[in-house]
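I open this notebook to record, entry by entry, what I looked up in one structure.

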Amino acid sequence: MSFGPHLFLALLESTVTAFVLALIALGLSLVFGVMRIVNIAHGEFFMLGAVVAWACSMLVGGGALMGFAVALVVGPLIVGAMAVAADGLILRRINYQPESTIVATIGLLYIIQQLVLTLFGADARPVTPPIYFRVAFPWFGYSGYKLIVAGVSGLLLLGTWLAMSKTKLGLYMRATQQDQEMAQAFGVPVRRVYAKAFALGAMLAAVAGVLVVPIQQAHYLMGLDPLLLDEPSEGLMPSLVEKLLSSIVELKAHGVAVLLVEQKIEAALKVADRITFLENGSVRGEATPDDLAVDPQPLHRYVGVKR
């Protein structure tokens, strides 16, 4: 194939991956936006969805489609119930303190991971796609199931937006996010909203795991990808930005790799080990905070910030 078909194939693959990642990130963003905590165990909920999908494919008769349909219902329900239990038994007891929840969810991560390793094993397990067909393009055929995954993920993203915009629960979540004390004064059950937000975020991750497991394979380390934070300080008050930065430092201290995308350079300089400057998607320079303290020219040249 020439360059054009290769580029088109890369576009298809990246689009499918982007939709799945967006679905996972939506759950993480929902928890952080409503509860103001970073759930380190979020990736394990994604992994649990994939493992439950494999278990359903093995236990449910009627073919791959029936097992997959059951997994789409059972997987998020099981993971959501686990999230509600974790909220009541762990997060609520430490009063949702940002620093404490980081340590607590790191512990939850290892508990879930080791339980799955013990019961499921260390080997990756394949799951047969529920639907198999190929979409014919002029240069090659492409998996129709991958396009379905992208479409379903897009519908779930749209459905979540509609739920947040049009439903009573969405109103409660937005009120709690803006001002917890005022929302509680107006009768919003904040603790219930927290539990539902945590469960919904986990369920979205589980759905992503169910959708992606026929493309990948289920294994107990699926949830250990680096944590991506895309402009998390946007719209936050300075006091909350400081809490966010201290949480990121705590994450790094516990060995969690964090990829931070941030326009507020001063905030990034406080937590980053290395900074990459991007312009229109291209890398324009790299430096460490120590380098920039000695020579701030990269800031002037690429970002237009003077220190």
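The entries below follow the order in which I consulted the structure.

**Entry 1. Ground rules.**
I note that this is a predicted model, in which local features need pLDDT of at least 70 and side-chain atom pairs count only at pLDDT 80 or more, while totals for chains, interfaces and linings use all residues. Residues are numbered from 1 along each chain as its sequence is written, and side-chain values use heavy atoms, with hydrogens and water left out.

**Entry 2**
I recorded first how packing is expressed: two packed helices are described by the angle between their axes and the distance between the axes. Helices are DSSP runs of H or I with at least four residues, numbered from the N terminus. An axis is a line fitted to C-alpha atoms, for helices over the stretch in contact, and angles run from 0 to 180 degrees between N-to-C directions.

I then looked up helix α5 (residues 144-166) and helix α8 (residues 190-212), whose axes come within 10 Å and cross at roughly 170 degrees. The two helices are therefore roughly antiparallel to each other. For this wording, angles over 145 degrees count as roughly antiparallel, those under 35 as roughly parallel, 65 to 115 as roughly perpendicular, and the rest as oblique.

Which residues of α5 and α8 meet? I found Y145, V149, V152, S153, L156 and T160 on the α5 side, and L204, V207, V210 and L211 on the α8 side. Contact here means heavy atoms within 4.5 Å. The residues of this α5 and α8 contact divide into 8 nonpolar, 2 polar and no charged. In this grouping, Ala, Val, Leu, Ile, Met, Phe, Trp, Tyr, Cys and Pro are nonpolar, Asp, Glu, Lys and Arg are charged, and the others, Gly among them, are polar.

**Entry 2. Helices α3 and α4.**
Helix α3 (residues 64-91) packs with helix α4 (residues 98-120) at an angle of about 135 degrees, their axes being 11 Å apart. That makes α3 oblique to α4. From α3, I listed M82, A86, I90 and L91, which meet T101, A104, T105, L108 and I112 of α4. I counted this contact of α3 with α4 as 7 nonpolar residues, 2 polar and no charged.

I turned to T101, which is placed in helix α4. Is T101 buried or exposed? T101 is buried, with a relative accessible area of 0%. Buried means under 20% relative accessible area, exposed over 50%, and partly exposed in between, with a 1.4 Å probe and protein chains only. Not counting residues up to four places away in sequence, T101 touches I37, L91, I94 and Y96.

Y96 belongs to the loop between α3 and α4, and N95 lies in that loop as well. N95 has a positive phi of about 60 degrees although it is not a glycine. Y96, also not a glycine, has a positive phi of about 55 degrees. I noted N95 as partly exposed, with a relative accessible area of 42%, whereas Y96 is buried at 7%.

**Entry 3. Salt bridges.**
How many salt bridges does a search of the whole structure find? The search finds 2. A salt bridge is a side-chain nitrogen of Lys or Arg within 4 Å of a carboxyl oxygen of Asp or Glu.

In one of them, K146 pairs with E13, the closest N and O atoms being 3.0 Å apart. K146 lies in helix α5 and E13 in helix α1 (residues 3-35), so the pair ties together parts that are 133 residues apart in sequence. K146 counts as buried at 19% relative accessibility, and E13 is partly exposed at 29%. Leaving aside neighbours within four places in sequence, K146 is in contact with E13, V16 and I215.

The side chains of R92 and D87 also meet in a salt bridge, at 3.4 Å from N to O. R92 is partly exposed, with a relative accessible area of 33%, whereas D87 is buried at 0%.

**Entry 4. L109.**
Finally I looked up L109 in helix α4, where L109 is buried with a relative accessible area of 7%. L109 and F45 are 64 residues apart in sequence, and their C-alpha atoms are 9.0 Å apart in space.
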